[in-house]
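Here are my notes on the model, as numbered points. Please read them with the structure open.

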Amino acid sequence: MSFELPKLDYAYDALEPYIDARTMEIHHTKHHNGYTTKLNAAIEGNNKPVNSIEEILATVSDFSTAVRNNGGGFFNHALFWKIMSPKGGGEPKGPLMDALKKSFGSFEKFKSDFANAAATRFGSGWAWLIKQDDKLIVSSTPNQDNPLMDLSDVKGIPVLGLDVWEHAYYLKYQNRRPEYIDAFWSVVNWEAVTENFLGS
Ligand code: MN3
């Protein structure tokens with residue numbers, strides 16, 4: 001099988017002013033496209049049958065470093081585009097809000113834990129909200145690793161993810177990663193995040 005670069009559900013400029021159009025365009029057409037192309041090249045000719053990206057990630061330690069890096073990059077960005085929307089922001093409702101309050105004490109505490117994980121991830125990586133059975137926890141991973149990978153320190157189902165590679169924010173925010181993290185809350189698509197939570 002081969003993987004295809006997913007289309008965005010909105011225009012490159014739709015997340016302005018929080019995430020600028022140029023960053024979105026380069027991020028999707030260059031970075032995500034690159035991970036997709038390199039993932040396909042890396043799995044071509046290997047003898048393991050490949051049925052889904054989730055299956056690859058769950059057994060990623062059996063694959064090459066190229067599959068780990070590009071398979072993670074392929075999955076992480078596909079999730080990232082989905083959990084953002086020009087109609088995003090605000091607060092989640094219903095079961096997700098209940099679960100966040102139960103796991104973190106309050107929505108504000110969750111936001112501050114998540115922002116802290118994103119701000120303190122040294123170098124390139126991702127901050128995550130993940131589901132472990134009934135519980136929600138915050139974690140972060142280096143590079144393009146993610147919590148579905150068998151070699152991840154903290155494992156679970158990714159519900160929300162934030163790309164903190166410099167390519168995700170440098171054109172607009174330069175070294176001010178905390179400002180980018182702050183802006184991210186204005187574009188979070190809580191309906192999509194709730195689907196990730198309920199569907200897993
Ligand atoms: Mn990225």
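1. Is proline 158 buried or exposed? Proline 158 has a relative accessible area of 5% and is therefore buried; buried means under 20% relative accessible area, exposed over 50%, and partly exposed in between, with a 1.4 Å probe and protein chains only. Proline 158 lies in strand E3. Helices (H or I, at least four residues) and strands (E, at least two) are DSSP runs, numbered from the N terminus.

2. On the source: this is a predicted model, in which local features need pLDDT of at least 70 and side-chain atom pairs count only at pLDDT 80 or more, while totals for chains, interfaces and linings use all residues. Residues are numbered from 1 along each chain as its sequence is written, and side-chain values use heavy atoms, with hydrogens and water left out.

3. Surroundings of proline 158. Apart from neighbours within four places in sequence, proline 158 has contacts (heavy atoms within 4.5 Å) with Phe75, Leu79, Trp128, Leu129, Ile130, Pro147, Leu148 and Asn196. Leucine 148 is ten residues away along the chain, and its C-alpha atom is 7.3 Å from that of proline 158. Isoleucine 130 is opposite proline 158 in E3.

4. The sheet. Three strands form an open sheet in the order E2-E1-E3, paired antiparallel. Strands E2 (135–142) and E3 (157–163) are at the edges with a single partner strand each, so one side of each has no neighbour in the sheet. On average, neighbouring strands are turned by 25° against each other, direction ignored. Axes here are lines fitted to C-alpha atoms, for helices over the stretch in contact, and angles run from 0 to 180 degrees between N-to-C directions.

5. Pairing. Two strands count as paired if DSSP finds at least two bridges between them. E1 (residues 125–132) and E3 run antiparallel and are joined by six bridges. Helix H3 (residues 65–82) packs on the sheet and touches E1 and E3, its direction making about 85° with that of E3. Eight bridges pair E1 with E2, again in the antiparallel sense; glycine 125 has proline 142 in E2 as its bridge partner. The hairpin of E1 and E2 has two residues between the strands, and aspartate 133 there takes a positive phi near 55°.

6. The metal site. Which protein atoms are donors of the manganese ion? They are His27 (NE2), His77 (NE2), Asp163 (OD) and His167 (NE2), at 1.9 to 2.1 Å from the ion. Donors are N, O and S atoms within 2.8 Å of the metal (3.2 Å for Na, K and Ca); water is not among the atoms, so sites may look incomplete. The spacing along the chain is H-x49-H-x85-D-x3-H. Histidine 77 in helix H3 and aspartate 163 in strand E3 are 86 residues apart, a pair that links distant parts of the chain. Histidine 77 is buried at 0% relative accessibility, and aspartate 163 is buried with a relative accessible area of 0%.

7. The largest pocket. The largest pocket holds about 310 Å³ of space. Among its 16 lining residues, those closest to the centre are Phe75, Ala78, Leu79, Lys82 and Asn196. Helix H2 (53–58), H3 and helix H8 (190–199) each supply at least two lining residues, and H3 gives the most, with five. On a 1 Å grid over the protein atoms alone, a pocket is an open set of points with protein on both sides within 12 Å along at least five of seven lines, a cavity is a set where a 1.4 Å probe fits but cannot get out, and lining residues have an atom within 4 Å of a point.

Definitions and conventions
Points joined across faces, edges and corners; volume = space filled by probe spheres on them.
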